[in-house]
Structures are given as C-alpha cells and as structure tokens.
Amino acid sequence: MLEMEDSELDDILDDWFIESLKTYKDLHVYQLEHPTQVIEWTSAKTVCVAGYSSSKNEILELRLPLKLFADENKGLCGERDFRVTHGGFTDGPVRHLKHIPGTRCVVTNSGLTSTLQVWDLGGDDSDVIRKTGSIEGRSITGRGSRIAARPSSTPQVLHGAQSNDVLLTEITSGQTLYKLETASADLLSSLQFASDTVFLAGCSNGSFYVGDTRMSAPPQRSPPPVFPCDSKVWWTDASVRPHLSSGRVVRLSSSGRAVVSDLRSLGGVLCQAQLDVQTCNRDDAEISWAPTLDDCISVSGFGGVIQIYNTSIWRTEPLEVQPLFQHRGHMVSSQQSDDSRPTFITAHVWHPERPQTLLSAASDGSVHVWDWVDPDG
C-alpha cells in the first residue's frame, strides 16, 4: 500500500514538473529549518524571514538566486540557489515584520504583546542581525501589533492592535508623533500607508479607517460590507498609486467573498466576487494588490495554494470567479504522511518591481520564488 502511495506521489510530482515548464518563467525553491509567517523585502534582491515557534527563532536575510535576475543567458548564471547573507536569533516568535525604507533596520512583533523589537540587519562588515531596541505600544489586550513603515526619509513606524491604540512612533527617539483618534476598539487585521502620510487601518470585522498623520481630526471610516454570508473575519489591502484619489481597497472575508472599493467613496462597492476557495479556518489569510500589474490581486491562507485573480472582469453583483493562476508547488512537493497536517501557505509577497514575480512560504518550511506566465497571454 505504501509503495502504491509513493508511486502515486511520484506521478503527481512528475505531472506538476512537466506542467511547470509551461506555466513558469522561473521557479526556485529553498528549505528553511523552521517555517516563517513573515517575508519582507529589504532590497530588490533580498528578503527577511523569521520563525514563529514559541521559543528561540532564527531571523535571516536571504539573497534570492541571481539566476532569477539574469535577463539573458540564464543557463550561464552560476548562482541558482538562495543564500543566507545575515542572521541572528529572537527570544520568541515573530508574527509581524516590516523593513524601514532607506535603512538596514527591521521592526518585529511577537503577536503576544504590543511591544515592537527593532533590529539592525548588519552590513558588509558584519553578517549578524542584532536587536538594538524596543518600542512600547499602548494596547492592553494582550494581542500583537500590526506594523506599517512610513515611506519617508525619517524612520517612523505605525503600529497598533486595535483601532483605538494606533500610534506613529519615531524609531530613533521613541517619540509618539500621532495617535489615531477613535472610540471604537476594533481588532486590526492590517495597517499600511497609502501615501507618505495617509494610511489605512483594516479591521477584522470588515470595516476600515483612513487616517492622515498630519491631522488630529478623527479618521474616515468605511463600514463592513453588508450581505448574507457567514464571514467571521475580514482582511484588507489597498493599492498604492501615485495619486491617492485613484487608490482602491480590497476586502476579503473568511468565506471567500472579495469586495473592491474606491478610496474616494468609502461606502460604495466598485465590484465584488465569490472566490474559488474553501472557508478559511485560520487567523491569518492574506490578500494583496499586485504593485505593478493593474487589477490583479493575490490570495493565500485558504489551503496550500496561492491564487491570482483579475478584478477587471468582476461586476457590481457578486459572481463566482476562477483564479487567473494558481501556484500549487508547496502543496504538490510536500511529502505527506498519515499523521501529518496538510501543508498550508503562511506568507506570500509580490516583488516590488518585477510584475509577475512572487515569493511564498509554507508550513513545511519551504520557500518558493516564482515568475508565473499569464495563461491569457
């Protein structure tokens, strides 16, 4: 029986490998000793990852295979593997991690308290990642803080666990520069800057706030989407555009309903769809706008695949839609035993400059970087 199962698995792997020759421009894999829930770009060719076990964890900076970036004669490029460039250890789990633009600094959170940890990634003279300080939050709920790095020359970080405890803090001095003024204590599912001063705070109940760090006035609030479906949790992402007025927000429910709104009309719905996913039973799914592809979003957390959808074909009335592309590599390559859990995706990110390149991680410790081919050409 075991031989039969091994044979079937080999056939699945062979079929997927043959399929991948047509569906990927590039595909590279790496195996971490322990899985990660965070992938953060520190440059166009390097990312930071960290473990999330309850005890000591590695925090690593990985350089992607240089073959990925070779425009011509890829076969002549000798660097075909991921390489660890810097590394260190944390005293606990890392559930959230953000790189501070223009620096060799990242900020992390354990997911257990609102305190942030500040890390120096090292440089040419040192390959050690070391903790340099901490930032206190103001949450008393015992929940971890979401983090957003301000895209400016001064290192600043936005952080909070609930809508009423969001702070903007200067990293070097620890000074609080801004507080989000709201009486509601909605649990946050995301924080991100839409411009240098305007930010979006997405809430697990489906609402989101749009605030401006230059103003002390209360933020604008968009209520949760209203329709008859069993959606216990929502996740949110905003498209970052040169002009804020052209920005869009997408919200994804645990039942697979996705709703796109316009930042100029927070209560309205531009389009929506029912995605081809199972109901999410985990705390964290991810939805993300492609930074350089108009209308494309990526979704993970509903199993062992990452899906890409084209929102340009969605309508105001919700219809069931199929993904434009699915990365099944983590699920296919994971060797499942009788007593093991199915592999699920723990994190994924788009490359900030390469339109169809993504990096993804799974619960078995695998890390993939892949450049997909649009089946529609």
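Reply: Gln-31 is partly exposed, with a relative accessible area of 48%; here buried means under 20% relative accessible area, exposed over 50%, and partly exposed in between, with a 1.4 Å probe and protein chains only. The model is predicted: local features need pLDDT of at least 70, side-chain atom pairs count only at pLDDT 80 or more, and totals for chains, interfaces and linings use all residues. Residues are numbered from 1 along each chain as its sequence is written, and side-chain values use heavy atoms, with hydrogens and water left out.

Gln-31 belongs to strand β1 (residues 24-31), where strands (E, at least two residues) and helices (H or I, at least four) are DSSP runs numbered from the N terminus. Setting aside residues up to four places away in sequence, Gln-31 touches Asp-364, Gly-365 and Ser-366; a contact means heavy atoms within 4.5 Å. A polar atom of the Gln-31 side chain lies 2.7 Å from the backbone oxygen of Asp-364. Between Gln-31 and Ala-362 there are 9.9 Å in space, C-alpha to C-alpha, and 331 residues in sequence.

Turning to the rings, a search of the whole structure finds eight aromatic pairs. Rings of Phe, Tyr and Trp (its six-membered ring) pair if their centres lie within 6.5 Å; planes under 30 degrees apart count as stacked, over 60 as edge-to-face and the rest as tilted. The pair of Trp-235 and Phe-302 is edge-to-face, because the ring centres are 6.4 Å apart and the planes stand at 80°. Trp-235 is in strand β18 (residues 234-238) and Phe-302 in the loop between β23 (296-300) and β24 (306-310), so that the pair links distant parts of the chain, 67 residues apart. Trp-235 and Phe-302 are both buried.

Phe-325 and Trp-372 form a tilted pair, because their ring centres are 5.5 Å apart and their planes are at 35°. Phe-325 lies in strand β26 (residues 325-327) and Trp-372 in strand β29 (residues 366-372), so this pair ties together parts that are 47 residues apart in sequence. Phe-325 and Trp-372 are likewise buried. Ring pairs join Phe-325 and Trp-372 with Tyr-24 and Trp-370 in a cluster.

For the protein overall, buried residues account for 53% of the 377 residues, and there are two helices and 29 strands.

Notes:
Polar contact = N/O pair within 3.5 Å; in protein donor to acceptor, adjacent residues only side chain to side chain.
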